[in-house]
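Hi,

Here's the structure I promised to pass on.

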Amino acid sequence: MNKKSIRDIQWPGKRAVVRVDFNVPIEHGVIGDDTRIRSAVPTIQYLVDHGASVVLMSHLGRPKNTVVESLRLKPIATHLAELLKQPVTAIPDVAGPNALSAAKALSAGQILMLENTRFDAREEANDPSLAKEYAALGDVYVNDAFGAAHRAHASTAGIAAYLPAVAGLLMERELEALAGTLANPERPFITIIGGAKISDKIGVIENLLSKVDALLIGGGMANTFLLAQGYAMGDSLVETASLDLAKRMIDLAAARGTKLLLPTDAVVADAFSPTANTMVVAVTDVKPGWRILDIGPATRAVYAAQVAAAKTVIWNGPMGVFEMPAFAEGTRAVAQALADSSAKSIVGGGDSVAAIEQMGLAERVSHISTGGGASLELLEGRVLPGVDALNNR
Ligand code: ADP
Ligand code: MG
């Protein structure tokens, strides 16, 4: 990685201002999945162990520039303190004089957590006055919030103009897994793209077509590609507005010599319901009144074989409506193939990650990305503002 990280800094006696992504599901002060909090622990622990004091900042939810009681960070500080087995002091200030005196009072190894950054209207506006207030709280800025790195906000980008700025360990790991792999993959390199809509991921498909040996398409988005091939899709989800884009991608793949694989069979249902009648048909044979809700067994076998033969696999997007057990087998087959393969395997995307975790296979892939939107933008080949702002090596 060409960005400096916390390992490049001499920490004793320094105060680190650390942007983390603690945007976790929370209801009535009870935290749901705490993966994002646990993912930031190595960075915080590293700083504490190396004699720094730590000022943490994060957003939570969408408070829309005002104080929302249910989105205060105090319960998260309490949970973090349990994980770290040391106190974490939460204050009700995003920045400003009270935050400054609390930060200055820290001794080595102590941790302070600021209030939800998005309570302050200047955060999302990337207002320099707030960025300067954050910067006054410490000596070095650390960005470990990969999940927010695609945003140019005061705490994710603006602050870096006023302090030395380095990546945390999670940020570093995410960048190596995604950007590093894209830049230098061991081949064969394949990607599997799924999910509901082609329009969400056209940028990803376009960028990857020039990098991969094969691109495997599943999920609802495959329907638009199949329609572009002239097959009737019955009542399946299709995006007619993206039909030309799909055709362009098919042509682009042909021009590049990249294999573009589409499903050959599908599980169709007579309703969008877990208890619908279902059957397996060829994609050339989808009747009116029926809709594709999963890839079929022949397609699963082909995709699994592609994974087995690959040295690098990136997967983003479920192969079907995996939330309903009747349409989860395609997604399960891909997750299982990744788990069984010795390839470098990377999974990104909120729903794909949820699916592989639900199936108990997450431990068996090389990397699970904690950033949905940020990982998609990296796959699109975009420069993330939160990464761009960090100091180069
Ligand atoms: P990710 O979060 O992994 O990037 P997406 O958000 O793009 O994935 O897509 C996930 C959604 O796509 C799931 O809710 C799933 O039910 C839906 N989906 C997958 N296949 C189909 C299909 N054939 N028809 C309708 N929806 C689908
Ligand atoms: Mg999603």
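Predicted model: local features only at pLDDT ≥ 70, side-chain atom pairs only at ≥ 80, totals over all residues.

Start with the open sheet of six strands, where the pairing is parallel and the order runs S5-S6-S4-S1-S7-S8. Its edge strands are S5 (89–90) and S8 (165–167), each of which pairs on one side only. Two helices pack on this sheet. H2 (residues 74–84) touches S4, S5 and S6 (111–113), and its direction makes about 155° with that of S6. H3 (residues 97–104) touches S1, S4 and S6, with about 165° between its direction and that of S6.

Now zoom in on S7 (residues 140–143), which pairs with S8 in the parallel sense over three bridges. Tyrosine 141 has alanine 165 of S8 as its bridge partner, and valine 142 has valine 166, also in S8. S7 pairs with S1 as well, again in the parallel sense, over four bridges. There, asparagine 143 in S7 stands opposite arginine 19.

Which way do the residues of S7 point? Val140 and Val142 go one way, Tyr141 and Asn143 go the other way, and all are buried.

**Helix H5**

Next, find H5 (residues 128–135). Leu130, Ala131, Tyr134 and Ala135 are buried there. Looking down the axis of H5, you'd see these buried residues fall within an arc of 140°, so they line one face of the helix. What covers them? The cover includes strand S1 (15–19), strand S4 (53–57) and helix H4 (121–124). Also check the start of H5, where a side-chain oxygen of aspartate 127 comes to within 2.8 Å of the backbone nitrogen of serine 129.

**Isoleucine 192**

Last stop: isoleucine 192, which sits in strand S9 (residues 189–193). Is it buried or exposed? Isoleucine 192 has a relative accessible area of 0%, so it counts as buried. Leaving aside residues up to four places away in sequence, isoleucine 192 touches a whole list of residues, among them Leu216, Val307, Trp315, Met319 and Leu338.

Cheers

Methods
Residues numbered from 1 in each chain as written. Chains lettered and ligands numbered in written order. Heavy atoms only, no water. Buried < 20%, exposed > 50% of the residue type's maximum accessible area, 1.4 Å probe, protein only. Contact = heavy atoms within 4.5 Å. Arc of directions from axis to C-beta. Polar contact = N/O pair within 3.5 Å; in protein donor to acceptor, adjacent residues only side chain to side chain. Pairing = 2+ DSSP bridges. Axes fitted to C-alpha atoms, helices over the stretch in contact; angles between N-to-C directions.
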